[in-house]
Amino acid sequence: MDQDEPRGEVAAFGGTATRDKKLGFFGRIALFFRQVIAELRKVVTPTRKELVKFTLVVLVFVLIVMGVVYGLDTLFGYLTHVVFGVPA
């Protein structure tokens, strides 16, 4: 974040309170938009191959978590039926 300092942007640490007091309402809004634009310029768009890989990883992870939740639900349902079930 130090590299943002020379362009007149506020760094992420220290010194923000003194600069905010010097800037007026519209100055703070302008500073906010300058910082947003500076952060958006740092965003890197993934390639199609990376996007497909990340999507598959997320889907596989979701399926695994669904399986774990289903297994625990079935186990706890069986245990509650054994403990609190109606005797035959």
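Tutor: The model is predicted, and the average pLDDT of the protein is 84, with 74% of the residues scoring at least 70. Where pLDDT is low, the predicted coordinates should not be read in detail.

The overall architecture may be stated briefly. The secondary structure consists of three helices and zero strands, and from the N terminus on the order is α-α-α. Of the 88 residues, 7% count as buried. The protein exposes about 7,900 Å², and carbon and sulfur atoms supply 72% of that area.

Now to the part requested. The count of aromatic pairs comes to two. One of them joins Phe25 and Phe26, whose ring centres are 5.3 Å apart and whose planes stand at 75 degrees, an edge-to-face arrangement. Phe25 has a relative accessible area of 52%, and because exposed means over 50%, Phe25 is classed as exposed. Phe26 is likewise exposed, with a relative accessible area of 67%. The other pair is made by Phe32 and Phe33, with centres 5.5 Å apart. Their planes lie at 65 degrees, and since an angle over 60 degrees counts as edge-to-face, this pair is edge-to-face. Phe32 has a relative accessibility of 48% and therefore counts as partly exposed. For Phe33 the value is 48%, and this residue too counts as partly exposed. In general, a pair of aromatic rings is described by the distance of the centres and the angle of the planes.

The partners are Lys42 and Glu39, whose side chains meet at 3.2 Å, N to O. Lys42 is partly exposed, at a relative accessible area of 41%, and Glu39, at 37%, is also partly exposed.

Finally, the surface carries a nonpolar patch formed by Val60, Ile64, Val68, Leu72, Leu75, Phe76, Tyr78, Leu79, Val82, Val83 and Phe84. Together these residues have about 1,100 Å² of accessible area. One of the members, Leu79, is found in helix α3, which spans residues 48-84. Leu79 has a relative accessible area of 39% and so is partly exposed.

To return to the request, the aromatic pairs are Phe25 with Phe26 and Phe32 with Phe33.

Definitions and conventions:
Residues are numbered from 1 along each chain as its sequence is written. This is a predicted model: local features need pLDDT of at least 70, side-chain atom pairs count only at pLDDT 80 or more; totals for chains, interfaces and linings use all residues. Side-chain values use heavy atoms; hydrogens and water are left out. Patches are made of residues with over 30% relative accessible area and no salt bridge: like charges are joined within 9 Å, nonpolar side chains (Val, Leu, Ile, Met, Phe, Trp, Tyr) within 5 Å. Accessible areas come from the Shrake-Rupley method with a 1.4 Å probe; for residues, only the protein chains shown count as cover. A salt bridge is a side-chain nitrogen of Lys or Arg within 4 Å of a carboxyl oxygen of Asp or Glu. Helices (H or I, at least four residues) and strands (E, at least two) are DSSP runs, numbered from the N terminus. Buried means under 20% relative accessible area, exposed over 50%, partly exposed in between (1.4 Å probe, protein chains only). Rings of Phe, Tyr and Trp (its six-membered ring) pair if their centres lie within 6.5 Å; planes under 30 degrees apart count as stacked, over 60 as edge-to-face and the rest as tilted. pLDDT is the predictor's confidence in each residue, from 0 to 100.
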